[in-house]
Structure formats: C-alpha cells, structure tokens
Amino acid sequence: MSAAQARDAARTGDADRWAVYLVTDADQCAASGRSVPDTVAAAVAAGVRAVQVRAKDAHGGGFLAEVLAVADALAATLGGEDTALIVNDRIDIALAARAAGARVDGVHVGQSDLPAASVRAILWPGAILGVSVGEPEEAAAAAPHADYLGVGPLVDTATKPDARTSLGLAGIAAVCASTPLPCVAIGGIDVAVTPRLREAGAAGVAIVSGICAQPDPGAASAAYLDAWRAGAPGNAHPGGAAVTT
C-alpha cells in the first residue's frame with residue numbers, strides 16, 4: 001500500500017481501515033508475556049488494519065527501535081502490507097524510521113502537541129495525520145489538516161491518566177456528527193459497547209489494554225472485530241457498558 005493509498009483509505013473512512021485500531025503499550029504487552037511486535041503481529045493476523053505505536057515514556061532511541069521492530073513485524077505478517085502504521089506524537093521518530101527504510105504511514109497528535117497545521121506542513125506527501133479531539137470545536141479546527149480524528153475518552157481510563165473528562169456515548173456521537181472526517185472512539189472501550197459506538201457514528205474503536213493486556217491478543221482482536229460488525233445497520237446486538245481501560 002502506497003502512502004497516497006493509505007491516506008485515501010484514511011480520508012474515505014474505509015470500513016476495514018479503522019474498525020479496530022490497535023494502540024500499543026509496551027508495559028501491558030510485557031506483563032502479558034509478549035513483545036509489542038508480537039502483539040501487533042497477532043492483532044494484524046486476526047484482521048486489525050491500523051496500528052499506532054505509542055511509547056510515552058520511551059527515549060528517542062528506544063521509541064525508534066520499537067517503531068522499526070513493529071514495521072518489521074508488519075512486513076512479515078499476512079495483511080501487514082495493508083495495515084496503516086502510525087506513530088504517536090513524535091514526528092521526528094516517524095521521519096527517522098522512514099529514513100531508515102521503514103514503511104511508516106503517518107503520525108497522531110494530541111491537543112497539547114504541535115498544531116495540526118504545523119504537523120501537516122512537516123509531514124511527507126501522502127502521510128496520514130490523526131488528531132485527538134474531545135469536542136466539535138476541536139474537530140472543526142483539525143478538519144482542514146487531519147485525515148481522521150481520535151475522539152474520547154469514552155470513559156475514564158488508567159492507560160492515559162492525563163486524559164480529559166470522559167465524553168460518554170452522547171459526547172462521542174456529537175463529535176462524530178459534527179465532522180465529515182472518520183472518527184475513531186477511544187478510552188475504556190470494551191467489546192460490549194463496540195457496536196453501540198458504530199451506531200453512534202464512529203468509524204472505529206481504538207483499543208489499548210483490550211488487546212495488549214489480554215492473554216491472546218489475536219482472539220481479543222477478533223472479538224472486537226466481530227463486535228464492530230455486529231453494529232452494522234440491521235444487525236441486532238445486546239447492550240453493554242464500556243469498562244475496559
């Protein structure tokens with residue numbers, strides 16, 4: 001998949017692109033007895049088609065090494081060539097990984113990072129840019145520059161203690177309705193609530209511990225994908241509450 005194809009898929013809200021978006025956590029993977037690349041490979045083999053490498057506490061060299069290892073894992077996994085590889089926050093890491101020959105598709109930034117317009121000006125042609133938002137006004141500001149939005153948190157989550165106040169289903173639905181960009185819900189999303197987020201207008205769900213902290217990340221990924229498909233129009237499903245961090 002070329003950079004231009006990846007960005008086109010991001011912008012059009014390709015159902016297979018963002019349905020289940022894995023956001024990595026090295027500590028959770030290690031606690032479950034696996035590396036980040038092994039977790040990514042299992043998720044992609046199960047059908048995940050977007051991966052964000054997040055390493056909030058890693059130094060530059062360590063973060064770069066992790067991105068390169070994940071890129072290698074994608075190259076060696078069936079379906080990996082169609083999986084978007086996104087770097088969290090660090091534009092310099094994304095650029096360094098690409099300079100080292102890795103296939104990196106874009107970056108994701110938050111409200112406290114560089115403005116989306118500045119990030120877009122730095123990125124390579126065809127790069128995917130994701131922006132975290134929590135209200136329609138932030139979505140409108142990001143829209144001219146971003147390819148997709150991360151919307152949340154749905155509920156309070158231990159994986160990001162500095163996150164804003166939880167939005168709930170209604171808050172996420174309001175942001176989704178305010179923008180033409182694909183919106184990926186994040187923050188404490190469990191399998192049960194996943195179909196309801198699709199009905200609320202989300203283009204997908206971003207999952208951290210629901211995959212990284214599980215004994216079988218492939219099975220966990222498949223469960224989220226099945227739940228996402230259950231939220232398609234015309235499919236009945238049981239209600240649920242989001243409790244996973």
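Biologist: What is the average pLDDT of the protein?

Modeller: This is a predicted model, and its pLDDT averages 92, with 88% of the residues scoring at least 70.

Biologist: And over which residues is the pLDDT below 50?

Modeller: That applies to residues 237-245. In the model this stretch has 32 contacts beyond near neighbours in sequence.

Biologist: Let us move to α4. Which of its residues are buried?

Modeller: Helix α4 spans residues 36-46, and its buried residues are Val36, Pro37, Thr39, Val40, Ala43 and Val44. They lie on the same side of α4, because they cover an arc of only 160° around the axis.

Biologist: What do the buried residues of α4 pack against?

Modeller: Their partners are the strands β1 (20-23) and β2 (50-53), together with the helices α3 (26-31), α5, α11 (209-212) and α12 (217-230).

Biologist: Now α6. Which residues are buried there?

Modeller: In α6, residues 91-99, the buried positions are Ile91, Ile93, Ala94 and Ala97. Their arc around the axis is only 165°, so they sit on the same side of α6.

Biologist: Which elements do the buried residues of α6 pack against?

Modeller: They pack against the helices α5 (60-75) and α7 (116-122), and against the strands β3 (84-88) and β4 (106-109).

Biologist: Is leucine 95 buried or partly exposed?

Modeller: Leucine 95, which lies in helix α6, counts as partly exposed because its relative accessibility is 36%, and buried would require under 20%. With Leu114 and Ile122, Leu95 makes a nonpolar surface patch of about 250 Å².

Biologist: One last topic: where is valine 191 found?

Modeller: Valine 191 is in the loop between β7 (183-186) and α10 (194-199). With a relative accessibility of 34%, it counts as partly exposed.

Biologist: Which residues does valine 191 touch?

Modeller: Leaving aside residues up to four places away in sequence, valine 191 touches Ala223, Tyr224 and Ala227. The C-alpha atoms of valine 191 and aspartate 226 are 8.8 Å apart, although these two residues are 35 residues apart in sequence.

Methods
Residues numbered from 1 in each chain as written. Predicted model: local features only at pLDDT ≥ 70, side-chain atom pairs only at ≥ 80, totals over all residues. Heavy atoms only, no water. Buried < 20%, exposed > 50% of the residue type's maximum accessible area, 1.4 Å probe, protein only. Helix = DSSP H or I, 4+ residues; strand = E, 2+ residues; numbered from the N terminus. Arc of directions from axis to C-beta. Contact = heavy atoms within 4.5 Å. Patch = residues over 30% accessible without salt bridge, like charges linked within 9 Å, V, L, I, M, F, W, Y side chains within 5 Å. Areas by Shrake-Rupley, 256 points an atom, 1.4 Å probe, with all protein chains shown as cover. Salt bridge = Lys/Arg side-chain N within 4 Å of Asp/Glu carboxyl O. pLDDT = per-residue confidence, 0-100.
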